[in-house]
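Me: Hi! I'd like to chat through a structure with you. Could you put it up?

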Amino acid sequence: MDDLLTEFLTETNESLDTVDNELVRLEQNPNDKAVLDNIFRLVHTIKGTCGFLGLPRLESVAHAAENVLGNFRDGKLTVNSELVSLILQALDAIKVILRGLEESGAEPEGDDDMLIAMLDEAAAGKLSPAPAAEPVVDADVARSETEKMLGRALKPGEVSLEELEAAFASAPGPEEMAEEEPAPAVAAPTATAAKAPAKAGAAPAAAAASGAADHGDSKAANQSIRVSVDLLEDLMNLVSELVLTRNQLLQTARRHENSEFTVPLQRLSQCTTELQEGVMKTRMQPVGNAWQKLPRIVRDLSHELGKKIELDMHGAETELDRQVLELIKDPLTHMVRNSADHGIEMPADRAAAGKPETGHIRLNAFHEGGHIIIEIIDDGRGINTDRIRQKVLENGLVSEAELEGMSENQIQKFIFHPGLSTAEKVTSVSGRGVGMDVVRSNIEKIGGTIELESRMGQGSRFAIKIPLTLAIVSSLIVGSGPERFAIPQISVLELVRVMSGGEHVIEHISNTPVLRLRNRLLPLVRLDKVLGLTPASSDDAANDNDQCFVVVAQVGAFTFGIVVDEVFDTEEIVVKPMAPILKDLSVYSGTTILGDGSVIMILDPNGIAKATAAVQDSEASDTLEMKGRAADSEQESMLVFRAGSDNPKAVPLSLIARLEEIDVATIEHSHGRPMVQYRGNLMPLMTVDPYLQLKTEGHQSVLVFADGDHVMGLAVDEILDIVETELKVELTADMQNGRLGTAVVAGKITEIMDVGHYLKLAFKDHIKTKSNEGHAASRRQPPRVLLVDDSSFFRNMLKPLLRAGGYEVTCVSSAEDALALRDKGTAFDLIISDIEMPGLSGFEFAEEVRQNGRWAQVPMVALSSLASPADFDRGREAGFNDYVAKYDRDSLLNVLEEQLDFARGVAA
């Protein structure tokens with residue numbers, strides 16, 4: 001079933017469950033306007049979605065029910081039990097249609113004319129209420145009254161006057177007796193039939209109820225269940241053991257080539273990997289779960305401190321492992337409190353500094369290279385470097401001479417030192433610096449880092465970088481002396497082989513080993529020295545350049561190299577906790593069991609850096625390198641590769657999203673073009689020249705380029721190097737072959753490739769020429785569009801449509817969120833808004849935008865299922881420039897282009 005249809009079924013069934021309950025509440029309290037508005041909005045959304053997806057039968061029933069609810073809301077009809085029952089019948093009919101839609105993917109056949117006629121008459125106020133019940137005659141009382149009037153008892157066979165009148169009234173007259181003919185099996189719906197909802201509507205209601213009873217709840221509405229966290233943890237442990245067993249079997253298979261178990265083991269390995277990824281997804285939770293208490297905390301602090309503070313949160317839907325999420329809640333809370341207390345100034349101070357009186361704290365979360373980055377940014381006073389310098393000297397942390405040689409950022413990082421605080425007095429709120437050492441320690445315990453940027457008077461930015469999960473990680477297995485260790489690949493940037501007479505050699509500066517890597521000095525630490533595998537006093541300078549390997553690792557913003565003797569393989573390992581007796585050893589982060597059954601230690605690059613002061617050395621070398629490179633700002637990192645010939649080719653490294661080794665067995669073809677399934681999407685594979693062929697066996701090296709939603713792979717033969725060079729390109733006369741020109745890179749003539757050329761070939765619509773569709777081709781930048789809609793279904797559906805039309809889209813779920821963007825100064829070229837929304841409606845939103853503010857002149861387009869002439873007129877009165885039916889996608893794109901053209905003409 002189509003994903004959009006599945007999402008529609010799920011959302012609609014949830015809405016129907018809500019409407020059922022709300023209608024009961026409305027019947028009990030007909031004057032509850034909030035309940036009525038909620039019912040109308042949900043039914044309105046269902047109707048609009050049906051129209052968009054092309055479901056006419058469903059739309060007709062929902063539209064008829066919406067008309068009745070609209071008259072309730074406008075006061076034209078009074079809520080009563082009969083009308084509520086009629087709407088419930090319509091909902092039951094909708095459920096039956098949904099069930100058929102779910103089973104077959106198309107609307108089931110059926111006739112809803114009678115039900116729709118009843119709803120239309122109800123909306124028009126023509127539906128008569130049920131006739132009042134005739135009074136019941138009490139025979140004993142009536143006989144007694146008649147006997148009193150006659151003065152005697154009634155004889156046998158005599159009846160009272162009241163009984164006689166009741167019998168006469170109930171007897172059919174001549175005209176009615178003439179009409180009592182046998183009725184046909186199926187009668188056409190008439191106004192008379194519609195006037196008896198209790199009888200005529202019984203059949204549809206009974207059929208719907210019967211269908212509900214026979215089929216149970218909708219399958220689409222029950223696609224999620226609640227599972228105990230303990231059960232997920234047990235399942236994760238079992239999968240971890242399965243991964244270990246898989247690794248052991250693969251290790252055994254490597255020792256026995258051409259074994260009959262090779263193919264089954266490959267299949268087992270694939271299934272284990274997929275199972276592991278599936279279980280890992282069950283542990284993922286939105287990072288917004290850790291932010292739920294922060295708005296209340298900031299609100300209370302603003303009142304307590306007498307400040308005006310607003311908290312903006314972005315990327316709350318970014319997911320990470322539940323275990324990691326729990327561990328970062330406290331550090332995040334502490335840092336937000338610090339920003340509110342010591343970052344944001346008092347309103348008077350901000351006004352004096354030329355800032356708005358209201359300070360902003362911004363939380364931002366996003367994925368980057370297998371990590372989660374969480375930013376805490378404030379526009380406050382920043383960190384007082386002079387104050388920190390004074391405190392550092394008072395506490396005797398470094399000498400004045402050492403302090404003079406440090407950069408401003410290095411001095412600011414002393415706020416992470418235990419016990420150092422710049423607060424002038426102790427308050428109930430933690431000061432910037434008080435407890436920041438605990439924050440950094442807690443983050444580093446989960447393999448994360450924290451970076452700091454601050455400018456006096458402008459604000460501060462803290463960036464927390466943490467792994468997605470702690471349970472199963474891909475690691476590099478290395479050897480040092482007689483032992484093996486695992487280094488998480490998430491911390492490894494690259495591997496460099498060192499040998500006498502080779503390209504890379506280890507040098508010594510002030511008795512400190514360094515590696516000159518691409519004209520940059522990289523401080524080194526020997527793993528055997530750090531772990532005590534060899535005496536610390538031994539002199540290794542003589543044999544440093546014997547064959548060894550340097551693992552280039554990253555700690556925060558700095559890099560350093562770990563010298564190891566051997567590199568064995570990469571392996572997915574299951575992280576086991578450290579034994580209590582070893583928990584204080586910062587160079588280790590855990591233990592694991594390899595495929596051969598060996599128990600080895602997992603190294604923590606953060607701990608190694610602290611144990612050897614590599615970070616400080618790296619900072620010093622960075623400073624030297626920055627001075628050496630200041631005179632040459634044209635240096636650019638280039639990835640050099642070979643493809644199709646021995647002539648080297650290069651592309652800017654910044655354009656490459658990832659380097660991949662793709663199994664050629666996974667390459668498929670569509671319309672004669674090679675494709676692979678890559679991270680949930682189809683990725684076309686291109687070659688540098690059309691006559692070149694992909695490999696037929698083994699693995700194919702691929703450079704992955706991503707431009708928005710377009711992801712393309714460029715197949716290469718071999719990746720040669722990464723070179724920093726001053727790029728001077730001689731442009732060729734003909735750029736149609738994918739080459740920008742030639743340049744000298746690393747002393748060799750190198751072809752510089754045009755990545756845009758291959759993106760055009762891979763995606764014919766990558767750069768559209770819309771000569772007959774307005775001025776899209778002349779846009780230098782995509783127009784910025786704000787989409788306001790409370791339905792996640794519509795947001796998800798319209799976002800790719802607008803992006804395909806060449807627009808940069810920002811989505812919000814309410815008018816209040818949209819106005820918050822306006823108040824922050826965010827600019828847009830167009831605004832698209834739904835009409836029926838909780839809180840501020842679309843009409844009220846448009847009126848607010850047009851009254852004042854920086855968006856007063858921005859074109860606004862209403863997008864709604866309410867598409868009558870009266871709705872159009874009301875929309876224009878509220879301030880909308882145009883009004884488009886929600887299901888008319890072509891008209892929407894045309895209207896947006898027209899509004900852009902008109903706005904350009906006014907600006908010109």
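Me: Thanks! Let's start with helix 14 and helix 15: is their crossing left-handed or right-handed?
Reply: Helix 14 and helix 15 cross in a right-handed sense. Do keep in mind that this is a predicted model.

Me: Noted. Which residues make the contact there?
Reply: Helix 14 brings Leu294, Ile297, Val298, Leu301 and Leu305, and helix 15 brings Thr333, Val336, Arg337, Ala340 and Asp341.

Me: How do the residues of that contact divide into nonpolar, polar and charged?
Reply: Seven are nonpolar, one is polar and two are charged.

Me: And at what angle do the axes of helix 14 and helix 15 cross?
Reply: Roughly 30°, with the axes coming within 10 Å; helix 14 covers residues 294–305 and helix 15 covers residues 322–343. Angles under 35 degrees count as roughly parallel, so helix 14 is roughly parallel to helix 15.

Me: Let's move to another pair. What is the crossing angle for helix 26 and helix 27?
Reply: Helix 26 (residues 815–824) and helix 27 (residues 842–851) have axes that cross at roughly 15° and come within 10 Å. Helix 26 is therefore roughly parallel to helix 27.

Me: Is that crossing left-handed or right-handed?
Reply: Right-handed, as helix 26 passes helix 27.

Me: Which residues meet there?
Reply: From helix 26 you have Ala815, Ala818, Leu819 and Arg822, and they meet Phe845, Glu848 and Val849 of helix 27. The residues of this contact split into five nonpolar, no polar and two charged.

Me: Switching topic: where does Lys465 sit?
Reply: Lys465 is in strand 7, which runs over residues 459–467.

Me: Is Lys465 buried or exposed?
Reply: Buried: its relative accessible area is 18%, and under 20% counts as buried.

Me: What is Lys465 in contact with, leaving aside neighbours within four places in sequence?
Reply: Its contacts are His371, Ile372, Ile373, Gly448, Thr449 and Gln554.

Me: Nice. Now the whole chain: how many helices and strands are there?
Reply: The chain has 29 helices and 35 strands. Of its 908 residues, 43% are buried.

Me: Last one: what share of contacts join residues at least 24 apart?
Reply: That share is 66%, among contacts between residues at least 6 apart in sequence.

How values were computed. Residues numbered from 1 in each chain as written. Predicted model: local features only at pLDDT ≥ 70, side-chain atom pairs only at ≥ 80, totals over all residues. Heavy atoms only, no water. Axes fitted to C-alpha atoms, helices over the stretch in contact; angles between N-to-C directions. Helix = DSSP H or I, 4+ residues; strand = E, 2+ residues; numbered from the N terminus. Parallel < 35°, antiparallel > 145°, perpendicular 65-115°, else oblique. Left-handed = near helix turned anticlockwise from the far one by under 90°. Contact = heavy atoms within 4.5 Å. Nonpolar A, V, L, I, M, F, W, Y, C, P; charged D, E, K, R; others polar. Buried < 20%, exposed > 50% of the residue type's maximum accessible area, 1.4 Å probe, protein only.
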